[in-house]
Amino acid sequence: MLELFASETYRAVIDSVARIDYSGDVFVEVRGWAGDYLRKIAWGLEIPALESAALRRVTRQDISTLYGFSPNEKVGFVLRVPKGISEIDLLFSSPAGEEAVQLDIHYVQRVFALSRIRHRIGRVSRICTSPFTPVGRERLCCGIRRRLHLDDSEYSRWIKKNETARRSDAEQEMRSFRFSPLISIVTPVYNVEERWLRAFVQSVRDQWYGNWELCIADDKSPDAHVRDVLEELESQDSRIKVFYREENGGISDATNSALELATGDFIGFMDNDDELAPQALFEVVKALNEDSTIDFIYTDEDKIDEYGRRFDPFFKPGFSRQLLWSHNYITHFVVVSRSLLDQVGHLDAAYNGSQDYDFVLRATAKHVGFIISPRSSIIGARLRLLSPEILVASYMRTRPVGRPLKAIFGHVESMTRRWRCCPILVPIM
């Protein structure tokens with residue numbers, strides 16, 4: 001972290017710098033935030049003299065949560081400077097006054113490079129502090145193993161062994177399909193970063209199975225780039241449909257708006273910053289050809305970081321109502337039939353925060369016998385975990401623990417009105 005200026009009531013900070021190769025052009029991307037936490041407003045930011053630099057203001061959920069800014073306040077900034085430019089003048093402004101900063105790009109890069117080096121040295125030092133204790137020995141051995149086998153984790157070996165299918169083989173198999181339904185993928189979008197939005201849409205366009213449509217509802221995103229990107233993507237592929245909501249309604253209402261665009265025989269649900277494995281829809285349709293009675297499908301999933309590295313796979317069991325009542329293990333990727341969706345209805349905004357859990361409970365209550373267990377070798381969805389500030393924001397975001405319980409109670413009460421459900425808090429000794 002590099003502080004540009006600060007006082008008791010305001011602060012401007014750079015918290016990351018990276019080299020970005022975008023469409024053949026090389027940029028230095030500087031990210032940070034500037035805000036007045038007394039007045040709860042973002043500082044204005046201008047680049048007076050350099051037209052080749054690009055500036056974008058963004059929301060920062062971690063900073064908003066920490067200092068009490070409105071979630072829609074664009075306190076963050078992303079600055080892209082073409083390679084070769086060493087200095088840039090920035091002008092910050094607020095009711096408290098103005099602050100002119102001459103930013104030395106090379107200096108900022110050196111500061112963050114040294115910070116990374118110090119962090120690594122500190123980590124190695126901590127590992128080696130107690131080499132003669134059992135804990136110290138274990139830490140040292142784990143550190144050496146990680147450095148010698150960066151790409152040889154157990155999961156990496158699993159991927160190499162199991163994900164051997166090729167697109168050409170799938171295309172040949174699809175020629176024999178008796179049933180090739182249109183699959184509508186519905187996705188609510190709100191203030192997602194451009195690169196993750198593009199990565200998500202590209203993962204859909206890369207599907208081996210081509211009979212799909214992508215139905216997106218923008219929940220009135222304040223960041224202007226969201227609409228620009230969506231309009232561009234919609235113009236590139238006729239299978240992409242976008243609806244722009246006139247007011248922000250939350251994730252359930254936005255998903256329901258996307259559902260209004262869907263015309264497919266089956267509906268898949270995805271988030272705007274996750275990715276679909278390229279074989280996901282092919283495996284879904286393959287399962288439907290093997291058993292035409294299926295109307296609820298879920299797949300395994302793993303995580304993907306901002307560098308595209310996959311980790312933390314979740315190999316899900318077959319359907320278990322008892323397990324589902326304890327927690328939502330189904331999550332992503334879920335595909336349901338149009339007939340089932342029409343029976344159970346759309347997402348319920350009363351359960352925002354656990355709306356997917358409520359929907360899965362209602363859908364599986366309708367058709368217990370028509371649920372397919374996931375194929376053990378198919379990772380359908382890749383859920384993205386991003387930079388530390390995003391993880392902090394996810395942890396600190398106001399999301400009451402009672403929301404999953406509310407979904408469970410609502411489900412049980414819908415099964416029989418003779419029951420009255422209430423939570424019982426049991427102290428943990």
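In the predicted model, K316 and E301 form a salt bridge in which the closest N and O atoms lie 3.0 Å apart. This pair joins distant parts of the chain, the two residues being 15 residues apart. K316 sits in the loop between strand 17 (310-314) and helix 10 (321-326), whereas E301 belongs to strand 16 (residues 300-304). K316 has a relative accessibility of 7% and counts as buried. E301 is likewise buried, with a relative accessible area of 5%. Because the limit for a buried residue is under 20% relative accessible area, K316 at 7% falls in that class, as does E301 at 5%.

The salt bridge between K316 and E301 belongs to a set of 25 found by a search of the whole structure. Another is formed by the side chains of D62 and R60, with an N to O distance of 3.0 Å. D62 counts as buried at 10% relative accessibility, and R60 is buried with a relative accessible area of 9%. D237 forms a further salt bridge with R239, where the closest N and O atoms are again separated by 3.0 Å. In this pair D237 is buried, at 7% relative accessibility, but R239 is partly exposed, with a relative accessible area of 27%.

Nonpolar side chains tend to be buried together in soluble globular proteins. The largest nonpolar core of the model contains 37 residues. Within this core, the residues that touch the most other members are I183, I185, V201, L214, I216, L230 and I240. Two or more residues each are contributed by helix 5 (167-174), strand 10 (183-189), helix 6 (194-205), strand 11 (212-218), helix 7 (224-236), strand 12 (240-244) and helix 9 (280-290). Helix 9 supplies the largest share, six residues. For I183, contacts beyond its neighbours within four places in sequence are made with Y209, N211, W212, E213, F266, L281, V284 and V285. A separate core comprises 26 residues, including I47, V81, I88 and V101.

I117 is located in helix 2 (residues 105-128). The relative accessibility of I117 is 42%, and this residue therefore counts as partly exposed.

G345 is partly exposed, with a relative accessible area of 22%. When residues up to four places away in sequence are not counted, G345 touches F359 and R362. The C-alpha atoms of G345 and A363 are 8.8 Å apart in space, with a sequence separation of 18 residues.

Note on methods:
Residues are numbered from 1 along each chain as its sequence is written. This is a predicted model: local features need pLDDT of at least 70, side-chain atom pairs count only at pLDDT 80 or more; totals for chains, interfaces and linings use all residues. Side-chain values use heavy atoms; hydrogens and water are left out. A salt bridge is a side-chain nitrogen of Lys or Arg within 4 Å of a carboxyl oxygen of Asp or Glu. Buried means under 20% relative accessible area, exposed over 50%, partly exposed in between (1.4 Å probe, protein chains only). Helices (H or I, at least four residues) and strands (E, at least two) are DSSP runs, numbered from the N terminus. A nonpolar core is a set of buried Ala, Val, Leu, Ile, Met, Phe, Trp, Tyr and Cys residues joined through side-chain atoms within 4.5 Å. Contact means heavy atoms within 4.5 Å.
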